[in-house]
Amino acid sequence: MDFATRLLVFFGCWTILAGWDPSSWVIGLPAVLFASWVYGRLAQDSARPGIRPMLAFLPFFLRESFRGGADVARRILRPRMRIAPGFQTYRMRLSQPAARVLFLDCVSLLPGSLSADRHQDVIQVHLLDASLDVTPELADLERRVAAIFDERLEPDAHV
Amino acid sequence: MSLVLTLLSVVSILLGAFFFLVGTLGLIRLPDLFSRLHALTKTDNLGLGLVILGLLPWVPDLFHALKLVLIWLLVLLAGATGSHLIAKRALRGDGEDLTP
């Protein structure tokens with residue numbers, strides 16, 4: 001995303017949150033400028049997320065959010081909690097920084113998984129039930145995130 | 001406001017509050033830091049989402065609806081990123097002393 005687009009997006013966010021009151025811009029203007037600059041630094045040359053793939057991602061995201069919340073609630077509410085916590089590793093194929101952040105955050109919202117650490121391409125995922133292999137689910141999520149940033153993944157997943 | 005919409009809204013908000021309660025219960029019941037982060041991120045996401053969904057029929061205009069949805073997105077982003085950072089610090093053991 002170029003600087004002008006980022007300014008526009010963050011300007012829009014601030015207006016939605018704080019309204020049109022001119023005095024709010026005492027805080028808003030520096031915040032918008034700073035956010036636009038930091039986004040550029042952190043996202044580097046990440047592609048601009050596409051509107052249409054984002055809309056396609058939305059139903060999946062809402063469904064998984066619901067499943068994730070319901071799943072953890074079911075586990076907690078049982079008299080004897082049904083958990084077997086543990087870690088699994090997964091090798092990310094995404095290379096763009098912004099895509100990676102979205103992927104890591106979404107992993108934490110999927111049922112039973114939490115992104116816990118990252119060393120370059122390899123992420124550590126904490127699972128409430130580590131007896132199941134979550135690689136296929138993570139690969140599926142990764143494909144969907146890649147579509148948003150118009151990124152091509154190498155065909156083979158897995159560690 | 002039709003009765004059906006009011007009813008749906010109330011059910012959604014109550015369900016959202018329920019998930020917040022379950023998340024807190026999870027914080028108490030679950031055995032370790034990582035499992036607790038699971039409970040917090042996921043139930044907060046769903047709980048706040050349902051509360052906001054329940055509030056949407058009551059907004060005066062589209063602007064306020066956008067504001068509510070944006071608040072949900074920002075909380076999601078902050079929650080998921082925050083829990084990742086907490087987990088990372090705990091795993092690498094370079095934070096504060098975590099043993100009870």
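**Two chains, one model**

Visitor: How is chain A divided?
Guide: Chain A is divided into domain 1 (3-43) and domain 2 (51-148). Domain bounds come from an automatic or database domain assignment.

Visitor: How are the residues and chains labelled, and what kind of model is this?
Guide: Residues are numbered from 1 along each chain as its sequence is written, while chains are lettered from A and ligands numbered from 1 in the order in which they are written. This is a predicted model, where local features need pLDDT of at least 70, side-chain atom pairs count only at pLDDT 80 or more, and totals for chains, interfaces and linings use all residues.

Visitor: How many Å separate the centres of the two domains of chain A?
Guide: The centres of domain 1 and domain 2 of chain A are 30 Å apart, taken over C-alpha atoms.

Visitor: What helices and strands does chain A have?
Guide: Chain A has five helices and three strands. Their order from the N terminus is α-α-α-β-α-β-β-α. Both kinds of element are DSSP runs numbered from the N terminus: helices are H or I with at least four residues, strands are E with at least two.

Visitor: And chain B?
Guide: Chain B has three helices and zero strands.

Visitor: What is the radius of gyration of chain B, against that of a compact globule?
Guide: Chain B has 17 Å, whereas a compact globule of 100 residues would be near 13 Å. The radius is taken over C-alpha atoms, and the globule rule is 2.2 Å times the number of residues to the power 0.38. The C-alpha trace of chain B spans about 55 × 25 × 10 Å along its principal axes.

Visitor: What share of each chain is buried?
Guide: In chain A, 27% of the 159 residues count as buried. In chain B, 27% of the 100 residues do. A residue is buried if 20 or more other C-beta atoms lie within 10 Å of its own, exposed if 12 or fewer, and partly exposed in between, with C-beta atoms placed from the backbone.

Visitor: Now the sheet. In what order do the strands sit?
Guide: The order in chain A is E1-E3-E2, an open sheet of three strands with antiparallel pairing. Strands pair if DSSP finds at least two bridges between them.

Visitor: Which strands are at the edges?
Guide: Strand E1 (86-91) and E2 of chain A are at the edges; each has a single partner strand, so one side of each has no neighbour in the sheet. The twist averages 30° from one strand to the next.

Visitor: How many bridges join E1(A) to E3(A)?
Guide: Six bridges join them, and the two strands run antiparallel. Across this pair, A:Arg91 stands opposite A:Val122, and A:Gly86 stands opposite A:Leu127.

Visitor: What about E2(A) and E3(A)?
Guide: Six bridges join E2(A) to E3(A), again antiparallel. One of the residue pairs is A:Leu114 with A:His126 in E3(A). The two strands form a hairpin with two residues between them, and A:Gln120 in the turn has a positive phi of about 50°.

Visitor: Which helices lie across E2 and E3?
Guide: H4(A) does, at about 145° to E2(A). H3(B) also lies across E2 and E3 of chain A, at about 60° to E2(A). Axes are lines fitted to C-alpha atoms, for helices over the stretch in contact, and angles run from 0 to 180 degrees between N-to-C directions.

Visitor: How many residues are in contact between the chains?
Guide: 25 residues of chain A are in contact with 28 residues of chain B. Contact means that C-beta atoms, placed from the backbone, lie within 7 Å. On the chain A side, the largest share, eight residues, comes from H3(A).

Visitor: What is in the largest nonpolar core?
Guide: It has 40 residues, and those with the most contacts inside it include A:Ala99, A:Phe103 and A:Val145. H4(A) gives the largest share, seven residues. A nonpolar core is a set of buried Ala, Val, Leu, Ile, Met, Phe, Trp, Tyr and Cys residues joined through C-beta atoms within 7 Å.

Visitor: Which residues does A:Ala99 contact?
Guide: Leaving aside neighbours within four places in sequence, A:Ala99 is in contact with residues including A:Ser46, A:Leu94, A:Val145 and A:Phe149.

Methods:
Contact = placed C-beta atoms within 7 Å.
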